[in-house]
Structures are given as structure tokens and as C-alpha cells.
2 protein chains.
Amino acid sequence: MTDAALAALSALLGDRLTTARGPRAEHAQSETHVAGSLPDAVAFPETTDEVAAILRIAQAHGLPVIGWGAGTSLEGHALALKGGVTVDFARMARVLEVRPEDMLARVQPGITREALNTELRATGLFFPVDPGANASLGGMAATRASGTTAVRYGTMRDAVLGLEVVLADGTVIRTGTAAPKSSAGYDLTALMVGSEGTLGLITELTLRLHGQPEAISAASCGFADMAAAVDCVIETIQSGIPMARIEFLDPAAVAACNAHSGQSLPETPLLLVEFHSSPAGVAEQAERFGEIAASHGSTGFRWADRPEDRSALWRMRHAAYPACLASRPGATAVVTDVCVPISRLAQAVEETRADIAASPIPGPILGHVGDGNFHAILLIEKDNPTEAAEASRLAARMAERALRLGGTVTGEHGIGIGKLGYMQAEHGAGWAVMGALKRALDPQDILNPGKLVPPQ
Amino acid sequence: MTDAALAALSALLGDRLTTARGPRAEHAQSETHVAGSLPDAVAFPETTDEVAAILRIAQAHGLPVIGWGAGTSLEGHALALKGGVTVDFARMARVLEVRPEDMLARVQPGITREALNTELRATGLFFPVDPGANASLGGMAATRASGTTAVRYGTMRDAVLGLEVVLADGTVIRTGTAAPKSSAGYDLTALMVGSEGTLGLITELTLRLHGQPEAISAASCGFADMAAAVDCVIETIQSGIPMARIEFLDPAAVAACNAHSGQSLPETPLLLVEFHSSPAGVAEQAERFGEIAASHGSTGFRWADRPEDRSALWRMRHAAYPACLASRPGATAVVTDVCVPISRLAQAVEETRADIAASPIPGPILGHVGDGNFHAILLIEKDNPTEAAEASRLAARMAERALRLGGTVTGEHGIGIGKLGYMQAEHGAGWAVMGALKRALDPQDILNPGKLVPPQ
């Protein structure tokens, strides 16, 4: 960063701009194996106007600008590959408005999903998208995140009704409206959701909320093999049972969770399911699911009807990532994320398991099987280049397999740095189209450069 | 069109290119008041390669290209404002593949929704988006159409999983995958859905299907006023009852439908509702809705449980447009289409009714109130400029009111020609962003010129 750029940013933000090594290093970290990369400075804006001013300065000085939410991304999305200023939204983390009749909330990008749901508790509404990590809403939108409840409530693509976005030149646009739908022109909201900070910085989100379900029930059940579990999932979804969650764990993942959370679930291919409805609706859905599961030979059916049992079940599921990490002391993880058509899911998981079984690396598998989405948590020794290379090889085979089976190299974690090498294979000529859109909105390539689109 | 362009297109398509006045005039018509506009030629391609070749010729000769589905758009979307070649997809109207396990179908753009559902009948699946008209799927995607079932199953934004699109330069891209979700880069599918043929021509769609409901029930019920009906809708949706349809008719619309369809529904503000679930689920949902409706003073509750009664009810609703037309013999219609936050719906409808009551033009109102979307069918004498001006004034006031109340000038009919004048007011700086995206993908402005984006 030039002295002139630094002076302009400092004049704007005072002590809310820092070039100290500590904060810069904090914003150069990644949750996973992706190597860090230091920004030149970190900014903590408090208003949209300040974000716009930062971008005008950045444009004038050719300075890279990288958005930062809660730092929970798994593919290095928010790393400053080319230096510049990281814009941390920690001071823009408020709920601006809740409109219960319209079932929506306007929030700032830095608020986390747990903080939002805490604020919503008294309204009878909740925000359903649940990627596990306590991510920021701005980051979830930028990544097009989803998680355990997408099978029922959709992903961030469905959850975001509108955005305020600051573009590369400092222009502030508002996309979408507070109406539930619109046919008025290009869907700029959908273009920004999943754009990973390369087209603009999100400074406000209008989010769809849902009514807190009157009744909830959850259960776990084991299957003889992956194919039986997947056939159960397919029949359940086709039958129209509005599942709130259908999660899969392979035996290695169940073992890791049992060890970490003190549970004693059967160490077989396992489904964890949840139902949201009226009391009668939940009872009927659970009964119908139970019949379908039984017809596919399910075993070890356990209901978690009491809130504390249900909480324990999902706490265990949400802790699956640390549980897997703990299953190999001192390990770090390459967290994979592929999504395939459900008809190909059993094949995709079985082939992945066989690959992992034939490698020296452990890799428990878990996934949001209602969406065809699964992760292998490839556990490698830190600073062991042989294992890192082997994990990369396994991850590449998973991505290529997903594409071969008609799926995508990332169901919910996004591109960041880790998946950039697959964009051409997944999108073909469409990747160049993404590049053309990027050049149209950010001709200087100052927004999160080095990410998502082809090298300019 | 130059002789050279014509010769190139004729060499490509033979007798599937016509410059005869009859077919050109057929492709210059509009369902509503929008004035027609003749293309120079009409093409009937049979393959994606032919569409790509048409676009390469068009690019070489600077020729406008306009896509055409079933001709049911209401705002003149497919009119050839600047001549050129209209590409009619009548010969690309097949179902290419149905994958029941993945609950999806690949179709060509010319197939209509009714033809698709006829082909799906034996699979246990159906395609839910229902705009009333028997529109083509390509046109529905290009318009981001929705209709009576959007409150449950979403709009074309939700229904389209992926597209094959031919861009202005003849490049063919495939957007999306057969997996249910993805975080792999910009959402080109969503960008194309609703782009009204200005960014590319859709040559294939991958559509999400749903299981045919095991049980269906429908009902109608009257309310003392619009506010009571809307409060009933809000409470119903907040309570989580998964309504399949919630339609509203004002007394004038009910009267027109009664006269046209031989029904005898109460001529009060009326809701028509439908439930899709298991038999027990439908019974419970209907009972809970009935309680909510009663608490808002509903009267004249009528159940339509038998398939023939249900069919009659929805046939009547789908015939509301011709019924309204028939209520004023010889009239043509200005069909309005606004969508507001549900909390503002009663106010928006009441103010619109008061406006219409104070004008000399009749204008029955009906809408998809679960989405906050409604239409006034403004009935004007043909070739009466005074009435046409009055209808324009009323329509403008509706659009401005929708924006003032936080909504959109079009919930589902799109921009076409009729709504272009409101784009700046609705999107502000975002409209220029749409223009920048258009220039990036179609720098020569050959795709449906004169529509959707600011004049180049």
C-alpha cells in the first residue's frame, strides 16, 4: 500500500484502521489447510458511507479490498492474496429492523447467525440457514452457504431477499425489495450472493425468516450400507415428507462423534433426521419416515423427542468437525465439499470411501444427504508434505468424480482459493462469462483479487 | 434486414425461415394493450447448434434477435421493436429426460407447462409453477414467471436448476448442474432467469419437479373486507401451514367469475385456498386454516374436496382474465401486476380499489396474496384514447404505490415494454449496473434490443 493510500484511509477511519502486525495476522488466518496471506491494513468501518469511501480511496490507489466476516470460511475466501485492505465488518453487526408480519429482518453483514437468532427468539420467528459454524450473515451470503436445514428451508440463495452493496467505484446499490418476489429485471441479489466479495461489499441484508416450528422431533437410525441409507432418503423426499434435516454420517464419523461427545450411536452408516410441524404433523411425518426407513432395513432407531436429547444430537452433529480433528491428535484437515444428484450419491460416497480406505489418510465422511452434498474430512499431519499431497490427490478425485456424476465441486463452501482450479472444468465457457461480468463491474480488479474468476 | 443476412439465415434454415407477412404478423401480437411490432423474419430452429448459428449470423450483420415461446407474455416482451429475426422455439419443444430419483426434468424451451405435466403424469411427479396461461417453459424462465402456486413451490427462480444458453456471439454455455445446490461461482442461472432474452437465448432447461401430492383439498371463503382477508393470510403463513395456493378476488372479480363460469360464490372479498399433503395432513391444515379464517370473521366457507369441484374452482380462477374481459363486452385490458410486502397488501389493494372506483374504468382485482402480488384488470374500450390514458394513469399510480410501500412494479409479468419506465425508480443505481452487465455480454445490443436495460 502506498503512503498516500494509507494516509487517505487513516484520515477516514482514524484508529479504526490498523497496520499493526497482530490484527493483520488475525486476518490472514484460515480455518483449514489453506495458507495465510497478510493484508497491508485492516479497516473497521461503522457505516455504509465509510465502506463507500474506502472503495473510492481503493479505486483511486489501485488498492485490493477484501471483505471479512467471522473468518469461518473453509477455502481461504477472505485471504489478502495481493495485500491491500481487509474490511472487517465487526462494527457493522446490528439487527436494523425485524418485520414479523413480513417475516423478514434487515441486518448488517457482521452479525452472526447465532446472534441473529438470539435477537429473534421473542418474535416467534427464526433464521434457518445453519452451516454449523457461527458465521456472519454477510459472509454466508457472499459464500452462498447452506448446511443442515437447506433440504427444507433452502440455502442463502433462497434466504436473501435483498442486499445493499457497495460496488468497486463506491456506488451504493440496493437489490431486491421487501416484497416476496419480483420480475423486475436482472436478479442482482442472486448475482451478488455467492460472488465472494469479487463484485461488491455487502453492507446490509434483507433476510427471509420462518415461523419457529410448533413441534420438533428428531431421530437417528442406522443402515446396513450407504445404498440403503440413500434409497431411504430418496423415497422420503419423493414421498413429500417435508424433512427439516437429513444428515448422513459414515461409520468413521459416527465413531469420532461418539468418542468426542460421549454418545453411543451405532457405528454404521447413520441418518440423523428432524421434523418441524404441528404436533400432529410431526407425529405423522415421523411415522411415515419410520416406515420408509424400516423398509430399507434401518436398525437402531432412536427418537430424540425431548428438547435436551435433540440438543445433544445436533450439538454432536455440529461438533463433528472438531470430533474428526480430535480423532487424529495434532492433525489438521482438508475439508472437502462436493454435491451430486441424489441418484448418484451412494456411488459418489462409496467410491470416495474406497479411495480413502486405500490411502494412508483417515477421512470420515458426513453430509447433507437430502441435498446430495457431502464432506470427507481428510485428516493430515501438520507440516507433512507427503500427507498433504495425498489429501490433495483424494480431494481432486472427489471433485472430478462429482463433475463426472453431474454435480458440482462445491455444494456450500464456495471457491475461495481451494477450488479455483476446478472452475474451468465445472463451468466451461461459463467461466469466461463470469470473468466478463467481473470486468464490467470491477475493471481495475480491486475487489478480492485472485479469487473466483479467471486471471484478468 | 440486409439481403446478405437474409441469405445467410435462409441457407442455414431453408423453409424454416420465413419472411411472409402472415407469420411475421403472428409474431408481432401481444395478449394485451401493448402495440405490435413486426420482425423482418421468423426462424424455427430445431437444435442448439442452429440457434448458435443464427446468433453468429446476427452478430456478423448487427441483426436484432428476439426469442419467442408461446406468445403469452403480457408486457410485449417478445415484440421486435427494431425489426430483426424472431426465433420461435415451437420446434424445440421436447422433454429430453426425466430423472424421477433426482426429481428433475431436462426440457427444450418451447414446451408448454401443460404439455410437460401431461408427459409427467405417469411418473408421480409434477412441475408446479402455474402462471395461468399455458406458457412455454423458456418464456416462463425468461420472464421469471410464477402464479398461483408460488406461495408453496416458489417461482421460476426456484424451479430452474440449470440452463443451456446461447450468448450473443453464438457461444453455448451450460449453467448450474443436476445437483440440488452449488456454491461454485456467480449464479449464471439466476442471472439468465428473468433476463427476458436480453443476455442470451435459452435452449434447454433443467427443472426441479415435485411429488404429486397424495391428497388435495381446496376451499373458498368470504371476508367482510380486504383487511380481514389479508390478516387471515398473514396469520396463516406465520403459523407455518404450508399453503399450496392462497388467491384473492375482490367483489368485482368474483362477480365477473360467477357470470362467466356459472358459479355462485359470495360477491365479497374472497380467498381461494388449496392444501397439498397426506390425507391426514390436508385434514389438519384445512382445520387449522378454517379456525384462523373464522377468527377473522370469514363467511360462506365452501369446501371443494371432490376432484371435480376443485377443478371447477381453479378453472374458474384461471378463467378470471377472460371473465373480466367478458364483463365489459368489446373491451381490451391493461393488466397490472404489482407486488408489495404482505404487511402493506391491504393498504395497497384498498388504495387501488378507491382509485379505480373514482375513475370511469372498471378494474376487477385479483391476486396471489400469499406473495403480496395482485393485478387490477383495467378494462378499456378498444381505440378509446381517453380510456387508455386513464388506464395508464391508474397503472402508474399502482406502480408508484408499490414502490412507496417497499414493493416492486412487477411481481411476475416482467418488464417488457410496459414497465421499462419504472426501472430507474425501482432500481436506482442498480439499473445502470444491469446496463453494464448487458454491455459485457452483448456489446452490439442484438439480443431483444430496446428491452429491460437503459438505452445503450
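## Briefing on a two-chain predicted model

Phe248(A) stands opposite Gly367(A) in strand 18 of chain A. Residues are numbered from 1 along each chain as its sequence is written, and chains are lettered from A and ligands numbered from 1 in the order in which they are written.

**Around strand 18 of chain A**

- Helices and strands here are DSSP runs numbered from the N terminus (helices are H or I with at least four residues, strands are E with at least two).
- Strand 13 (residues 245-249) of chain A pairs with strand 18 of chain A in the antiparallel sense, over two bridges; two strands count as paired if DSSP finds at least two bridges between them.
- Strand 18 of chain A also runs antiparallel to strand 19 (residues 373-381) of chain A, and four bridges join them.
- Within strand 19 of chain A, Ala376(A) is the bridge partner of Ile365(A).
- The hairpin of strand 18 and strand 19 of chain A has four residues between the strands, and Gly372(A) takes a positive phi near 75° there.
- In strand 18 (residues 365-368) of chain A, Ile365(A) and Gly367(A) point one way and Leu366(A) and His368(A) the other way, and all are buried.
- A residue is buried if 20 or more other C-beta atoms lie within 10 Å of its own, exposed if 12 or fewer, and partly exposed in between, with C-beta atoms placed from the backbone.

- Four strands of chain B form an open sheet of mixed pairing, in the order 1-2-4-3.
- Its edge strands, each pairing on one side only, are strand 1 (17-18) and strand 3 (65-68) of chain B.
- Strand 2 (residues 41-43) and strand 4 (residues 85-88) of chain B pair in the parallel sense over three bridges, and Val42(B) stands opposite Thr86(B) in strand 4 of chain B.
- Helix 1 (residues 3-13) of chain B lies across strand 1, strand 2 and strand 4 of chain B, at about 30° to strand 2 of chain B.
- Helix 3 (residues 48-61) of chain B lies across strand 2, strand 3 and strand 4 of chain B, at about 170° to strand 4 of chain B.
- Axes are lines fitted to C-alpha atoms, for helices over the stretch in contact, and angles run from 0 to 180 degrees between N-to-C directions.
- How do the two helices pack? Helix 1 and helix 3 of chain B meet at an angle of about 170°, with their axes 10 Å apart.
- That makes helix 1 of chain B roughly antiparallel to helix 3 of chain B (angles under 35 degrees count as roughly parallel, over 145 as roughly antiparallel, 65 to 115 as roughly perpendicular and the rest as oblique).
- Residues making this contact include Ala8(B) and Leu12(B) of helix 1 of chain B, with Ala53(B) and Ile57(B) of helix 3 of chain B; contact means C-beta atoms, placed from the backbone, within 7 Å.
- By class, the residues of the contact of helix 1 with helix 3 of chain B are nine nonpolar, one polar and one charged.
- Ala, Val, Leu, Ile, Met, Phe, Trp, Tyr, Cys and Pro count as nonpolar, Asp, Glu, Lys and Arg as charged, and the others, Gly among them, as polar.

**Where chain A meets chain B**

- The contact takes 77 residues from chain A and 77 residues from chain B.
- On the side of chain B that touches chain A, helix 17 of chain B gives the most, with nine residues.
- The residues on that side of chain B divide into 32 nonpolar, 30 polar and 15 charged.

**Single residues**

- Gly139(A) is found in helix 5 (residues 137-143) of chain A and is buried, with 30 other C-beta atoms within 10 Å.
- Not counting residues up to four places away in sequence, Gly139(A) touches Gly69(A), Ala70(A), Thr72(A) and Ser73(A).
- Leu452(A), in the segment after helix 17 (429-441) of chain A, has a positive phi near 65° although it is a residue other than glycine.
- Leu452(A) is buried, with 28 other C-beta atoms within 10 Å.
- Asp445(B) also has a positive phi, near 55°, and is partly exposed, with 18 other C-beta atoms within 10 Å.

Methods. This is a predicted model: local features need pLDDT of at least 70, side-chain atom pairs count only at pLDDT 80 or more; totals for chains, interfaces and linings use all residues. Two residues are in contact if their C-beta atoms, placed from the backbone, lie within 7 Å.
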